[in-house]
Amino acid sequence: MINEKEILKELDERINIQNRNIERVIQVSNNQAELVLLEREIATYQSVKKLIKEKSAHGAATPMSTLLNKQEQYNTDQEKIEPIKLAQEIFALCMKIQEGEDGKVEHRKKGRCLGPTVFVDFYGHVAQLDVEISPDGWSEEEGRKEKFSFYLGDYWGHQQKERAIKCKERLIELLEERRGSGNEE
C-alpha cells in the first residue's frame with residue numbers, strides 16, 4: 001500500500017532542497033537558465049503533490065484523507081506563504097550585504113567601511129516591512145538614500161508584491177556590484 005503521507009513529506013523535502021539551491025544560485029551566480037530549471041522542477045513537485053491530495057480527497061473519508069485535507073489547509077496556501085518567503089529572502093540578502101570580508105556582519109558607516117548600509121524594520125501591528133539603503137555607506141549628514149516599503153498581510157497583492165520584488169532585485173544588484181568590485185568573497 002502506498003503511504004501518501006510519506007510521499008508528501010518527501011516531496012516537501014525535495015521542494016525545500018530546490019528552494020535552497022535557488023538561493024545558492026542567486027547568491028553565487030544568478031544564472032537565469034539554472035534558476036528557470038530549478039523553478040520548473042519545484043513546479044513539477046508541487047503538481048504531483050496537488051494530484052496526490054486531490055486523488056486522496058476523492059476517496060472515502062479515511063483518517064489519511066482527512067489528515068491530508070487538514071495539512072493542505074495548514075501549510076500549502078501559496079497566497080499566505082508567498083509574502084513571508086519573499087520577506088525572508090529579502091532579510092537574508094540584507095544580512096549578506098552587511099557582511100564584511102571575514103563573513104561577519106559588520107557595522108557599516110561611510111568612511112569607516114566599504115560597501116552599502118542596509119536598514120530593515122518590521123512593523124508587526126500593520127505587517128509592514130521597510131528596507132532603506134545607503135548604497136555608498138551611511139552617514140548622518142547624507143541619511144538613507146533609497147526606501148522600499150510594503151505590506152505583507154491583509155494588503156498583500158500585486159502592487160505590494162511588485163514593491164517587494166523591486167527591493168529584492170535592488171539588493172541582488174548591490175551584492176553583484178560588491179562581487180564585481182572585489183569587496184565580496
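Q: Which residue takes a positive phi in the hairpin of strand 1 and strand 2, and how many residues lie between the strands?

A: In this predicted model, the hairpin has 4 residues between strand 1 and strand 2, and among its residues Ala-127 takes a positive phi near 55°.

Q: How many bridges join strand 1 to strand 2, and which residue stands opposite Asp-121?

A: Strand 1, residues 117–123, and strand 2, residues 128–134, run antiparallel and are joined by 7 bridges; within this pairing, Asp-121 stands opposite Asp-130 of strand 2.

Q: What is the order of the strands in the open sheet, and which strands stand at the edges?

A: The open sheet has 3 strands in the order 1-2-3, with antiparallel pairing. Strand 1 and strand 3 (146–151) each have a single partner strand and therefore stand at the edges, with one side of each left without a neighbour in the sheet. From one strand to the next, the twist averages 10°.

Q: Which residues touch the most other members of the largest nonpolar core?

A: In soluble globular proteins, nonpolar side chains tend to be buried together. Here the largest nonpolar core holds 31 residues, of which Ile-90, Leu-129, Val-131, Phe-150, Cys-167 and Leu-171 touch the most other members. Two or more residues come from each of helix 1 (4–28), helix 2 (32–58), helix 4 (78–97), strand 2, strand 3 and helix 5 (158–181).

Q: Which residues does Ile-90 touch?

A: Leaving aside residues up to four places away in sequence, Ile-90 touches Leu-129, Val-131, Phe-150, Ala-164, Cys-167, Lys-168 and Leu-171.

Methods. Residues are numbered from 1 along each chain as its sequence is written. This is a predicted model: local features need pLDDT of at least 70, side-chain atom pairs count only at pLDDT 80 or more; totals for chains, interfaces and linings use all residues. Side-chain values use heavy atoms; hydrogens and water are left out. Two strands pair if DSSP finds at least two bridges between them. Axes are lines fitted to C-alpha atoms, for helices over the stretch in contact, and angles run from 0 to 180 degrees between N-to-C directions. A nonpolar core is a set of buried Ala, Val, Leu, Ile, Met, Phe, Trp, Tyr and Cys residues joined through side-chain atoms within 4.5 Å. Buried means under 20% relative accessible area, exposed over 50%, partly exposed in between (1.4 Å probe, protein chains only). Contact means heavy atoms within 4.5 Å.
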